[in-house]
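Work through these exercises on charged side chains. Try each task before you read its solution.

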Amino acid sequence: MYHSKKLHEKGIIRNRKMLTQSQYGDYKFVGHLDHIKTFHACIKSLCFGENGTVTFSEEGLRITVEQGKSIQATLFMDPKFFAEYHVKDLTSFGLKLNVFAECLSLFGVMDCSVKMLYKGDGAPLIVLLEPHNDDDVSTECAIKTLHVDEPIEYELDENSASLNVIFMRGPDLFNIFNELDKAAEELEFTLSPQRPHFKIATVGVVQAESTVEVAKSSDMILLFNCRDTTVARYKSQQLRLMNKALQAATKVAIKTDASGLLEMHFMMQSGDAEEIYVQFFLTPLLDI
């Protein structure tokens, strides 16, 4: 059995007896992933907030985290992504995400499978890790669950006359953000059916310190569907919180409308597996 002295201090309880298949009937949720690399990257992208709201349902797994009323992120995992997925009814609880991420990293870079089991209200989330290249090593943790308030519900109107949608290659958008002045306090997003089509400008003490423009005909753009020109500003700090998700994303969907609410979907994929989605909502600073 793998051991870590810090686990108990951070809310992880060690269980010495591994669960068997016959005991699954006692649980409201059982999920099994053959590989944790992409899942672990998604969980780390949510760790800008201390506590997340975990929801298991027949539609799949959702984990939502918020920071004030300015940014929200949600991880979506379809049941098809799991090698095994059983849920009895809608289940929701709070979880310390940094503890969960640390638990998933117990074996470092070793490729692992993971099973997650949840018994019901007040019970811990059981996490079973088994490395693929060492049959003699495994670990079982129980992470304390919490009561948390329901997250805010954000939603863009898909029928809005000002709704703009762009799909981009993840690595290209990551490079664009790296080119921007990191000292800028704000970033201004412009999406338009006319040129410059998609523009990000840094705003700080000196106005518009740097600008990046992407034409709709660029190879970076996978889909371009802009109905009207929309302009909004966001805190640079907000956007930096998305950096871990952007680093792991193969594709990114950018959506906004005249309200300035920014919705970004980061699509992550490992090998031939189904895609995992991490969705961010950012509220604008002010109307432009």
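**Exercise 1.** Find which residues are linked with Glu186 in a network of salt bridges.

Solution. Start with the term: a salt bridge is a side-chain nitrogen of Lys or Arg within 4 Å of a carboxyl oxygen of Asp or Glu. The network joins Glu186, Glu188 and Arg233. Take one link: Arg233 meets Glu186, N to O, at 3.9 Å. Arg233 lies in strand β17 (residues 230-235) and Glu186 in strand β13 (residues 186-191), 47 residues apart. Take another: the closest N and O atoms of Glu188 and Arg233 are 2.8 Å apart. That pair also links β13 with β17, across 45 residues. Strands here are DSSP runs (E, at least two residues), and helices are runs of H or I with at least four, all numbered from the N terminus.

This is a predicted model: local features need pLDDT of at least 70, side-chain atom pairs count only at pLDDT 80 or more, and totals for chains, interfaces and linings use all residues. Residues are numbered from 1 along each chain as its sequence is written, and side-chain values use heavy atoms, without hydrogens and water.

**Exercise 2.** Decide whether Glu188 and Arg233 are buried or exposed.

Solution. Apply the cut-offs: buried is under 20% relative accessible area, exposed over 50%, partly exposed in between (1.4 Å probe, protein chains only). Both Glu188 and Arg233 are buried.

**Exercise 3.** Locate the salt bridge of Glu50 and classify its two residues.

Solution. The partner is Lys96, at 2.8 Å, N to O. Glu50 sits in the loop between α1 (37-45) and β3 (51-57), while Lys96 is in strand β7 (residues 91-96), 46 residues away. Glu50 has 51% relative accessibility, so Glu50 is exposed. Lys96 has 29%, so Lys96 is partly exposed.
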